[in-house]
Amino acid sequence: MLAVGTDVGVAARQLVPSGVLVGEGPDRHAEAVERTRQLIANPDVSAIFEAAFAFDRVLIRADILERLPGGAWRLSEVKSSTRVKPEHLHDLSIQAYVIMGCGITLEQMQLVHVDTTYVRGENGIDWRAYFKRADVTGEVRALLPSVPDRVSNMHAVLVLPAAPEIRPSGHCFSPFECEFWSRCTVDKPRDWIFYLPHLKPAVFAELDAQGIESMREVPSDFPLTAGQQRVVEAVLSGREYVSHQLHEALAQLGPLPPTSTLKRFHRRYRCTEGPAPTSASRSSGRSTTLTGPAA
Ligand code: SF4
């Protein structure tokens, strides 16, 4: 229904119809901060979308900032997720750290996510029902004391003369696929051991520690699963593997199955050399930017 996190963020603005958008883009952050300051000072503004703040050399944009009675505010982060995830809380904790550092009182923190129980009716989408607000104030507050050290560590990395030597592995996909994956793996062989199916992180680390990158270099007595061994053998022989079960599986479909079905079965029952596809890059919905060292 909605392609990326950005679209969800825009749709979620309908939860607060009276909100005012800070339209200045990321390349005009200083102007966005000033515009946000003006909107906060105006008591007639009940909510701000994309409010901009800068503190401790961290720039953030808040999806929704709602004015509460008594002068405090509610911070809401919008995600296309269907539940609250740990990374959402870390995201919110950094935003809260920056906003509070700017002297704003945050009374509540929310994660606005998709409500999986929602069913679209005859008359279009009811956005109030489509989204679910999860109060994560306690969880975010618990993370706040750790934020200064995390920010400091990130700034320390930013001033390094070169990128740190971090070897790409499974961590590059947690909590989502890193956008630098292609760059970091450009020198890896086509039969990189990372592409062995269902390879446990510990097993990958063991092979990696031995300097083994190519499947061809895996010792013949190294304990692999049957599926992994099959892939290695296909790489070594240069011949694709076709399961003897393929004929039987296709026979269940009767004569002339659709091409799409054939392709699906072909992928399932064959293996040959080549990198496994990775998941498509997800929209991170990034709302925080670290700036370089202070001048
Ligand atoms: S892909 Fe990303 S997470 Fe993985 S090593 Fe490269 S920069 Fe680090």
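A residue is called buried if 20 or more other C-beta atoms lie within 10 Å of its own, exposed if 12 or fewer, and partly exposed in between. Keep in mind as well that this is a predicted model.

**The whole chain**

Begin by selecting the protein chain, which has 295 residues, of which 23% count as buried, and which is built with 11 helices and nine strands. If you colour the chain by pLDDT, the mean is 87, and 84% of the residues reach 70 or more. Then select residues 273-285, where the pLDDT is below 50, although this stretch has 24 contacts in the model beyond near neighbours in sequence. Where pLDDT is low, the predicted coordinates should not be read in detail.

**The loop between β2 and β3**

Next, select D56, which is found in the loop between β2 and β3, and then R57, whose place is in that loop as well. D56 has a positive phi of about 55° although it is not a glycine, and R57, also a residue other than glycine, has a positive phi near 60°. Is R57 buried or exposed, or does it fall in between? R57 has 17 other C-beta atoms within 10 Å, so it is partly exposed. For D56 the count is 16 other C-beta atoms within 10 Å, and therefore D56 is partly exposed too.

**The largest nonpolar core**

Now select L65, L75 and A96, the residues that touch the most other members of the largest nonpolar core, which has 35 residues. Several elements each supply at least two residues of this core, among them α1 (5-12), α2 (29-41), β2 (47-55), β3 (58-67) and α3. Centre the view on L65 and look for A47, I48, A51, W73 and L75, which L65 touches when residues up to four places away in sequence are not counted. A second, separate core of 11 residues can be found by selecting I193, L207, M215 and V231, which are included in it.

**Helix α3**

Select residues 86-101, which form helix α3, and ask what distance its 16 residues should span at 1.5 Å a residue. The buried residues of α3 include H88, D91, L92, A96 and V98. After α3 comes G103, whose phi is positive, near 90°.

P148 lies in helix α6, which covers residues 147-158, and P148 is exposed because it has 12 other C-beta atoms within 10 Å. Further along, select S174 and P175, which are joined by a cis peptide bond with omega about 10°. P175 lies in the loop between α6 and α7 (181-184).

**The ligand**

Finally, select the ligand and show the residues around it, which are I166, P168, C172, C178, F180, W181 and C184. How many residues of each class does the shell around the ligand have? This shell has seven nonpolar residues, with no polar and no charged residues.

Notes
Residues are numbered from 1 along each chain as its sequence is written. This is a predicted model: local features need pLDDT of at least 70, side-chain atom pairs count only at pLDDT 80 or more; totals for chains, interfaces and linings use all residues. A residue is near a molecule or strand if its C-beta atom, placed from the backbone, lies within 6 Å of it. Ala, Val, Leu, Ile, Met, Phe, Trp, Tyr, Cys and Pro count as nonpolar, Asp, Glu, Lys and Arg as charged, and the others, Gly among them, as polar. pLDDT is the predictor's confidence in each residue, from 0 to 100. Two residues are in contact if their C-beta atoms, placed from the backbone, lie within 7 Å. Helices (H or I, at least four residues) and strands (E, at least two) are DSSP runs, numbered from the N terminus. The expected span of a helix is 1.5 Å times one less than its number of residues. A nonpolar core is a set of buried Ala, Val, Leu, Ile, Met, Phe, Trp, Tyr and Cys residues joined through C-beta atoms within 7 Å.
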